[in-house]
Amino acid sequence: MDPFSHHLKDQGKALIVKIDLTKFDVGVSKEFQQYMDIVWDDSMKSITLDVSSVTFIDSSGVGALLSVHKLAGDSCQIILSGVKPPVREVIELLRLQRVFTLQSPNA
């Protein structure tokens, strides 16, 4: 099974990427960045990263998320959906809720 999958909606303006891993760490961060480079299009207005399977994220995983922000620029909204408490704690500790919109698993 592939650790990442995606689909487009709103006529290709919204990208939804599922991260189907429990650990988003150094072992997969580079692969994720390469995947995002392939699926990214400059015309996209929003990216939703479904992290509902992720229960652990390290600095490499956070770096990979930040690389999406850099790739997308300020004109593109980035949503982390299905954010579980351990991942939310890391994101909030780093004050990255200013960069990403966080949605809990129940949202």
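Mentor: Let us begin with a definition: helices (H or I, at least four residues) and strands (E, at least two) are DSSP runs, numbered from the N terminus. This is a predicted model, in which local features need pLDDT of at least 70, side-chain atom pairs count only at pLDDT 80 or more, and totals for chains, interfaces and linings use all residues. Residues are numbered from 1 along each chain as its sequence is written, and side-chain values use heavy atoms, with hydrogens and water left out.

Trainee: In what order do the elements of the protein chain run from the N terminus on?

Mentor: The order is β-β-β-α-β-β-α-β-α-β, which comes to three helices and seven strands.

Trainee: What share of the contacts in the protein chain joins residues 24 or more positions apart?

Mentor: Contact means heavy atoms within 4.5 Å. Among contacts with a separation of 6 or more, residues 24 or more positions apart account for 63%.

Trainee: Which strands form the open sheet, and in what order?

Mentor: Strands of a sheet pair through backbone hydrogen bonds, either parallel or antiparallel. Two strands are said to pair if DSSP finds at least two bridges between them. Here five strands form an open sheet with mixed pairing, in the order β1-β2-β4-β6-β7. Strands β1 (4-9) and β7 stand at the edges with a single partner strand each, so one side of each has no neighbour in the sheet.

Trainee: How many bridges join β1 to β2, and are the two strands parallel or antiparallel?

Mentor: Six bridges join β1 to β2, and the two run antiparallel. Within this pair, K9 stands opposite A14 in β2. Four residues lie between the strands of the hairpin, where D10 takes a positive phi near 55 degrees.

Trainee: And how do the other neighbours in the sheet pair?

Mentor: β2 and β4 run parallel and are joined by five bridges, with V17 opposite L49 in β4. Strand β4 (residues 46-50) also pairs with strand β6 (residues 77-81), in the parallel sense over five bridges; I47 stands opposite I78 in β6. Finally, β6 and β7 pair in the parallel sense over two bridges, and L80 faces L102 in β7 as its opposite residue.

Trainee: What percentage of the residues of the protein chain count as buried?

Mentor: Buried means under 20% relative accessible area, exposed over 50%, and partly exposed in between (1.4 Å probe, protein chains only). Of the 107 residues, 43% count as buried. Strand β2 (residues 14-19) is largely enclosed by the rest of the structure, because five of its six residues are buried. Strand β6 is mostly covered, with four of its five residues buried.

Trainee: Does S29 count as buried or exposed?

Mentor: S29 counts as buried because its relative accessibility is 9%. Its place is in helix α1 (residues 26-39). Leaving aside neighbours within four places in sequence, S29 is in contact with S60, G61 and A64.

Trainee: Where is the place of P86?

Mentor: P86 lies in helix α3 and is partly exposed, at a relative accessible area of 38%.
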